[in-house]
Amino acid sequence: MKLAEKMSRIGTESAFEVLVRARALEQLGRSVIHLEIGEPDFPTPPHVVAEGQRALGDGWTKYGPPSGLPDLRASIAAYVSRTRGVTVGAENVCVVPGGKPIMFFAMIALLEAGDEVIYPDPGFPIYESMIRFLGAVPVPVPLVESRGFSFDLDTLADRLSNRTRLVILNSPANPTGGVIPKGDLIRMAEMLLGRDLIVLSDEIYSRIWYETEPSSIASLDGMLAKTIILDGFSKTYAMTGWRLGYGVMPVWLADAIAQLMVNSNSCTASFTQRAGIAALDGPQDAVASMVAEFGRRRDVMVNGLNEIPGFRCQLPAGAFYAFPNVTGTGMRSKDLADLLLNEAGVASLDGAAFGRHGDGYLRFSYANSLPNIQEAMARIRKLSERWAKVQTG
Ligand SMILES: Cc1ncc(COP(=O)(O)O)c(C=O)c1O
């Protein structure tokens with residue numbers, strides 16, 4: 001017996017693989033600073049934990065409706081309406097175990113073999129994995145470093161075809177920290193409005209931004225009817241392990257995703273959803289202080305990276321990743337990531353793990369303490385004598 005052919009087309013997330021290698025080094029007694037991780041290093045806010053515990057005690061331990069508890073769907077609809085400046089109702093909301101299932105379900109629901117999907121490169125690796133898995137055609141659009149890692153809009157226009165069924169946007173973005181400027185979203189909406197396609201707008205980092213609040217393409221005239229907003233609790237409320245996310249979309253799509261939930265998970269864990277209501281409707285000060293701390297770390301990390309010979313790092317506008325261009329080191333980014341891990345005990349990710357256009361970059365997460373970030377920068381600086389020396393002679 002062998003695996004189905006489509007399994008040969010499925011990809012993975014290298015963050016998990018690097019974590020395993022880093023942990024193996026730690027087992028050998030080596031010190032490793034983890035800058036490969038994609039989850040906030042903050043605890044889930046205590047009032048949210050308390051609500052989850054209370055819900056367990058109160059018997060929220062059974063199946064619930066496939067699309068989510070009505071109260072949570074209503075809270076999400078109100079939250080998305082006020083944060084995106086749109087009007088959506090509970091009927092537009094699908095609650096699922098994490099943000100990721102929205103990608104999977106939306107693609108299963110919409111794509112036929114041969115349909116084209118546009119997505120950012122470098123981008124979250126699961127987009128391409130799922131596109132290939134479903135037999136659709138991946139159409140990556142490069143992100144441009146000098147544009148704050150947004151698309152070149154002429155390239156985007158060129159890549160659209162009458163086979164394009166889905167356009168994936170991610171802002172603020174993993175792995176670049178880029179935020180799509182509102183002006184770009186307006187031009188994109190003009191390009192997309194007349195076409196028979198859906199936009200999957202991955203807004204999982206929507207609350208983690210520094211200078212300018214990101215806009216959602218869904219808020220532009222006519223776009224709500226053709227957009228799926230993906231968001232969730234993992235990053236905003238440091239709830240990665242609770243597995244709680246959602247999509248907001250037109251009802252015909254929400255109904256399709258509810259069917260996929262019936263056929264896969266039945267429902268999302270009920271006590272987790274109760275905690276989700278507390279997260280959205282309760283005090284938001286934990287989010288504000290987490291983002292403020294991310295902001296301080298971002299500045300320290302980006303300054304530190306820019307002092308390393310051969311590194312050039314843009315100031316990321318959102319999320320908690322720095323994405324320096326490391327071509328100036330003269331090394332392949334993959335080899336450099338390995339060197340940093342093995343010789344300096346600093347775990348990062350090769351940008352090429354996020355697509356061909358990520359080659360030449362590294363992703364550093366600043367979901368780690370300021371002292372650890374400072375120590376990591378010092379270690380890399382010390383190690384940089386090696387490549388700086390090779391280059392100077
Ligand atoms: C861009 C992006 N979308 C979605 C997700 C998935 O989030 P979740 O853990 O809620 O499934 C991640 C997680 O790393 C992400 O970086």
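Q: At what angle do α11 and α12 pack, and how far apart are their axes?
A: Helix α11 and helix α12, which covers residues 370–383, pack at an angle of about 105°, and their axes are 10 Å apart. The axes here are lines fitted to C-alpha atoms over the stretch in contact, with angles from 0 to 180 degrees between N-to-C directions, and helices (H or I, at least four residues) and strands (E, at least two) are DSSP runs numbered from the N terminus. This is a predicted model, in which local features need pLDDT of at least 70 and side-chain atom pairs pLDDT 80 or more, while totals for chains, interfaces and linings use all residues. Residues are numbered from 1 along each chain as its sequence is written, and side-chain values use heavy atoms, without hydrogens and water.

Q: OK, so are α11 and α12 parallel or perpendicular?
A: The two helices, α11 and α12, are roughly perpendicular to each other, because angles of 65 to 115 degrees count that way, whereas under 35 is roughly parallel, over 145 roughly antiparallel and the rest oblique.

Q: Which residues make that contact?
A: On the α11 side the contact is made by Leu339, Leu340, Glu343 and Ala344, and on the α12 side by Arg379, Ile380 and Leu383, where contact means heavy atoms within 4.5 Å. Sorted by class, this contact has five nonpolar residues, two charged residues and no polar ones. In this sorting, Ala, Val, Leu, Ile, Met, Phe, Trp, Tyr, Cys and Pro are nonpolar, Asp, Glu, Lys and Arg are charged, and the others, Gly among them, are polar.

Q: And how does α1 cross α11?
A: The axes of α1 and α11, the latter being residues 333–344, come within 10 Å and cross at roughly 20°, and therefore α1 and α11 are roughly parallel to each other. From α1, Arg21, Ala22 and Leu25 meet Asp338, Leu341 and Asn342 of α11, and by class this contact has three nonpolar, one polar and two charged residues.

Q: What about α4 and α5, at what angle do they cross?
A: The axes of α4 and α5 also come within 10 Å, and they cross at roughly 30°, which makes α4 roughly parallel to α5. In α4, Lys100, Met103, Phe104 and Met107 meet Ile126, Tyr127, Met130, Ile131 and Phe133 in α5. That contact has eight nonpolar residues and one charged residue, with no polar ones.

Q: New topic: what lines the largest pocket?
A: The largest pocket is lined by 30 residues, and Glu13, Phe16, Gly38, Lys100 and Lys235 lie nearest its centre. On a 1 Å grid over the protein atoms alone, a pocket is an open set of points with protein on both sides within 12 Å along at least five of seven lines, a cavity is a set where a 1.4 Å probe fits but cannot get out, and lining residues have an atom within 4 Å of a point.

Q: What is the volume of the largest pocket?
A: The volume of the largest pocket is about 580 Å³, where volume is the space filled by probe spheres set on grid points joined across faces, edges and corners.

Q: What is listed for the phi of Phe149?
A: The phi of Phe149 is near 60°, a positive value in a residue other than glycine, and Phe149 sits in the loop between β4 (137–144) and β5.

Q: What lines the second largest cavity?
A: The second largest cavity, with a volume of about 50 Å³, has a lining that includes Leu169, Asn170, Ser171, Ile180 and Glu203. By class, four of its lining residues are nonpolar, five are polar and one is charged.

Q: Is the peptide bond between Ser171 and Pro172 cis or trans?
A: The bond joining Ser171 and Pro172 is cis, with omega about -10°, and Pro172 is in the loop between β6 and α7 (182–192). The peptide bond from Asn174 to Pro175 is cis as well, with omega near 10°, and Pro175 is likewise in the loop between β6 and α7.
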